Amino acid sequence: MAFKDGFLWGGATAANQYEGGWNEGGKGESVADHLSSGNVSHPRLITKTIEDDLYYPNHIASDFFHHYKEDIALFAEMGFKVFRMSIAWTRIFPTGEELEPNEEGLKFYDDVFDELKKYGIEPLVTISHYEMPFALTEKYNGWASRKLVDLYLKYATTLFERYKGKVKYWLTFNEINCGCLSLGNYMSLGILNGQTRDFTNQEDDVQLRYQGLHHQFIASALAVEACHNIDPDAKVGCMIAMMPSYAYTCNPIDVLGNQKNMRTLNYYCGDVQVRGKYPSFSKRLWNELGVELEMQPGDEEILMNGKVDFFSFSYYQTSCFTEDDSVDSTSANLIANAKRNPYLKESAWGWQIDPNGLRVTLNELYDRYEIPLMVVENGLGAYDTVESGQIHDPYRIEYLREHIKAMSEAIDDGVDLMGYTPWGCIDIVSASTGEMAKRYGMIYVDSNDNGEGSFARMKKDSFYWYKKVIESNGKDID
Ligand code: BG6
């Protein structure tokens, strides 16, 4: 097995899905705080006010806010070397526009980082993970406005200065390419067109979305530069949702269509953030979409000066691409109608399980970029049952084991892989459906889809298994 010494084993979370304490410690309301609960058949709703008759699962989430010491002790027991978390923008700048940051919010993360340090766990911090201030959505239509660049930069710079020496690894935006999809309007870009209410069926203005993405690229590049100036020892990465697809048939029409899909969904953003410029296929893409990108003088230079140090990504599944509409569909991360691959099994939520696809992805990404890679999200969302105080989750162990094997093969293929942080290492609220029942964790949290429960933490079988994996640096995975 190929994992190098110092390989960063750990787990991943995001503040909006894990932290809770939504209106404590001076925190403001984020876009996630305005998303009601839902499930596969009932989409979450985006509400402009907090409505009394709706439940908002991100408000309490898994209550890390009040359990962080206990949770970090459990991560340490598993042997984590790294813990991926995000900072809630609204805990630092409640509306995004305050002149001074909220000291109580800054102090909370100081306490979290100090606790991690006690156990030698390195924080990997996402600056913005689907939780921008709701006030910026209302006032500016989110990232549609260039004003957001300055506000984000102020927020990011505040973090770099405050946590210099405490945080070595930063990610500028979670799954920035979510903005390439209609679902990204609200969740990723804070764009709330018209009276949009249905989270999974948003009013879509492609021009605004691509302009918003451009603003995020500029903000990300400026943040990378600022971080390098403030703390030369820190490393900043991009974070891309890898949604790889295979051509469904060898019909060249499917192959061409799939190539286009891979470029526009999977590579467009990473190309900008790693290479510091838009890829050659962009102009044609914009033309076809009717997008006229507004760039300011100096933007090209900003992008070139803000290239990331490493490439991180989420990987859950693959799907297929075909021009044939009659082919059966299933769902996938961020995609509603993914064409089903007849060779793969799928999760209870229809996401198709494909460890070999992770190896293919790692090899493709390393061939393309030749910078260190990190898998910062991966895992199986599944129903768990508690039987006499125990949670037996062989399905999760199997999923993780096969993906770890695939990573080790990719390392042997020549990939420089820095680390692995499986998603929702402790149970958290699902981003797409708002359910608690869709569990990824190795640690169970006693709470249901309505936020009822003791919030007690319990170790699943996968907890003991992952501990062994880390202890043996990936050698003992049986
Ligand atoms: C990624 C996001 O898209 O997938 C996470 O970065 C999200 O925030 C994860 O939770 C899994 O998706 P879901 O919908 O199962 O929570």
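This is a predicted model: local features need pLDDT of at least 70, side-chain atom pairs count only at pLDDT 80 or more; totals for chains, interfaces and linings use all residues.

Biologist: How do you know that the span of helix 12 agrees with its 15 residues?

Modeller: Helix 12 covers residues 355-369, and at 1.5 Å a residue it should span 21 Å. Its end C-alpha atoms are 21 Å apart, so the two values agree.

Biologist: Which residues of helix 12 are called buried?

Modeller: Buried means under 20% relative accessible area. In helix 12 that label goes to Pro 355, Gly 357, Leu 358, Thr 361, Leu 362, Leu 365 and Tyr 369. Looking down the helix axis, these buried residues fall within an arc of 140°, so they line one face of helix 12. On the other side, Asn 356 and Asp 367 are exposed.

Biologist: What makes Cys 250 count as exposed or buried?

Modeller: Exposed means over 50%. Cys 250 has 72% relative accessibility, so it counts as exposed.

Biologist: And what about Cys 320, buried or exposed?

Modeller: Its relative accessible area is 8%, and the cut-off for buried is under 20%, so Cys 320 is buried.

Biologist: How many disulfides does a search of the whole structure find?

Modeller: The search finds 0. For Cys 250, the nearest cysteine sulfur is that of Cys 320, 13 Å away. A disulfide needs two cysteine sulfur atoms within 2.5 Å, so Cys 250 is in no disulfide. Cys 320 is in no disulfide either.

Note on methods:
Residues are numbered from 1 along each chain as its sequence is written. Side-chain values use heavy atoms; hydrogens and water are left out. Helices (H or I, at least four residues) and strands (E, at least two) are DSSP runs, numbered from the N terminus. The expected span of a helix is 1.5 Å times one less than its number of residues. Buried means under 20% relative accessible area, exposed over 50%, partly exposed in between (1.4 Å probe, protein chains only). The arc is that of the directions from the helix axis to the C-beta atoms.
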